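Please look over the model below with me before we discuss it further. My remarks follow as numbered points, each of which can be checked against the coordinates.

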Amino acid sequence: MSYVFGPIASRRLGRSLGVDPIVHKACNWNCVYCQLGRTTSLRHERQDFVPPDDVVAEVRQALTEHAPGSIEWITFGGSGEPTLHASLGRMLRGVKAATEIPVAVLTNGALLYRPEVQAELMVADAVLPSLDAGSEELFQRINRPWPELTFGRLIDGLVAFRRVFGGKLWVEVMLIKGVNDAEPELRDIAAVLERIRPHEVHINRPVRPPTEGWVQPPDEEALATSDRPSPRSHAMGAFAASRAWDASSGAASKRSTASPRHRSAGLVHPLS
Ligand code: SF4
C-alpha cells in the first residue's frame, strides 16, 4: 500500500491505522525537533499531493484485511502536514462513509484559522494540533513557520476551531530542554491553553533524532514537576492543571501522555 500503514500500536490512540496523504516533508512549518529533517521548501498552498480517491480506496482495502475490532482509530498524519492536502475533507468523508471506526487528524494546526479547513475537519472525531510555545518569539524559534502563519493566527485558529468542532481537540506540547521547559515559558503556554480550552493536553518530548542537533528532551525531573501542581512553582501547577483538561466537566484528569514519542504530524509512522 502507498498511503496506508499499520495498524500500529499508538499510546494515545490504541491500535491505529495510519493514513499518509502527503509527500515527504510537505509542510508549512520547519520544526527544530522534526525527525523528518529540515523542511527545505516551506509550503503554504494547499494541493492534491496524492489522488484522494486512491487514499480512500486503500483505507477501504485495508479495512477488509483486518479483523473487526483490530483497529481502534484511523489516523491521518504522516510525512508532512495533512491539512495542506486540498482534498482532506473529501478523504475524511470517504473514510467516515466506509467505517464506524473513529477518525483522527494529526496536524500542526497552522491552517485552522481558515474556515474551509475548519469545515473539512468537522467530520473528524478527534483533531490533535500542536502548541509548543506561548509567544510569537518562541513559536518562531521552535516551529519556524511560513512567514504568514504567525503565532496570532495559530492561536486564533485553535480558539475558533475549538468553538465549532464537535469532536475532541487534543493539543500536544513538545517540551525542549532549555527552550520551553522553564517556568516563564510554561506559564505562557498555560495561559494560551486557558484560551483554547482543549479537551486534553498531551505533553511530549523529542527523543528520536531531531532536525537540529541541539534539541534535547527536558530532564525527567522537569517533566515530573510539570505533572503535578507544586507550591514552589505556580506556573508548573497551572500547566499541569491544563495539560489533561476535560473541558466538558471542567475537571483536570490525571491522564498522563508524556512519552518518548516525537511530534505526531512529523512522523512517517506517527501514531506510536
Ligand atoms: S514536526 Fe510536523 S509540523 Fe513540524 S516540520 Fe515536521 S512535519 Fe512539519
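1. In helix α1, the buried residues are Pro-52, Val-55, Val-56, Glu-58, Val-59, Ala-62 and Leu-63, where buried means under 20% relative accessible area, exposed over 50% and partly exposed in between, with a 1.4 Å probe and protein chains only. Seen down the helix axis, these buried residues of α1 fall within an arc of 155°, so they line one face of the helix; the arc is that of the directions from the helix axis to the C-beta atoms. An α-helix has 3.6 residues a turn, so residues three or four places apart point the same way. The cover over the buried residues of α1 includes β1 (4-10), β2 (14-19), β3 (73-76) and α2 (88-98), with contact meaning heavy atoms within 4.5 Å.

2. This is a predicted model, in which local features need pLDDT of at least 70 and side-chain atom pairs count only at pLDDT 80 or more, while totals for chains, interfaces and linings use all residues. Residues are numbered from 1 along each chain as its sequence is written, and side-chain values use heavy atoms, with hydrogens and water left out. Helices (H or I, at least four residues) and strands (E, at least two) are DSSP runs, numbered from the N terminus.

3. On confidence, the chain averages a pLDDT of 86, and 81% of the residues score at least 70; pLDDT is the predictor's confidence in each residue, from 0 to 100. Two stretches call for caution. Over residues 228-238 pLDDT stays under 50, and the model has 18 contacts beyond four places in sequence for them. Over residues 240-272 pLDDT likewise stays under 50, and here the model has 128 contacts beyond four places in sequence.

4. The length of α1 (residues 52-64) can be checked: at 1.5 Å a residue its 13 residues should span 18 Å, and the end C-alpha atoms are 19 Å apart, which agrees. The expected span is 1.5 Å times one less than the number of residues in the helix. For helix α5 (residues 151-164), the 14 residues should span 20 Å at 1.5 Å a residue, and the end C-alpha atoms are 20 Å apart, which agrees.

5. A hairpin through three residues joins β1 to β2, and Ala-9 stands opposite Arg-15 in β2. Strands β2 and β3 run parallel, joined by four bridges, with Gly-18 having Thr-75 in β3 as its bridge partner. Together β2, α1 and β3 make a right-handed β-α-β unit, that is, with the strands pointing away from the viewer, the path from the first strand over the helix to the second runs clockwise.

6. Strand β7 (residues 200-204) is mostly covered, five of its five residues being buried. Glu-200, His-202 and Asn-204 lie on one side and Val-201 and Ile-203 on the other, so that both faces are covered. Five bridges join β7 to β6 (residues 168-174), and the two strands run parallel; Glu-172 stands opposite His-202 in β7. The chain crosses from β6 through helix α6 (residues 183-196) to β7, and this β-α-β crossover is right-handed.

7. The buried residues of α5 are Phe-151, Leu-154, Ile-155, Gly-157, Leu-158, Val-159, Phe-161 and Arg-162. They pack against α3, β5 (126-128), α4 (136-143), β6 and α6. Gly-109, in the loop between β4 (103-106) and α3 (115-121), touches Leu-154 as well as Pro-129, not counting residues up to four places away in sequence. At 1% relative accessibility Gly-109 counts as buried, and Gly-109 and Phe-161, 52 residues apart in sequence, are 9.7 Å apart in space, C-alpha to C-alpha.

8. Some backbone details deserve a look. The peptide bond from Gly-6 to Pro-7 is cis, with omega near 10°, and Pro-7 is in strand β1. Lys-25, although not a glycine, has a positive phi of about 60°; Lys-25 lies in the loop between β2 and α1 and counts as buried at 9% relative accessibility. Arg-144, also a residue other than glycine, has a positive phi near 45°; Arg-144 is in the loop between α4 and α5 and is partly exposed, with a relative accessible area of 24%.

Note on methods. Pairing = 2+ DSSP bridges.
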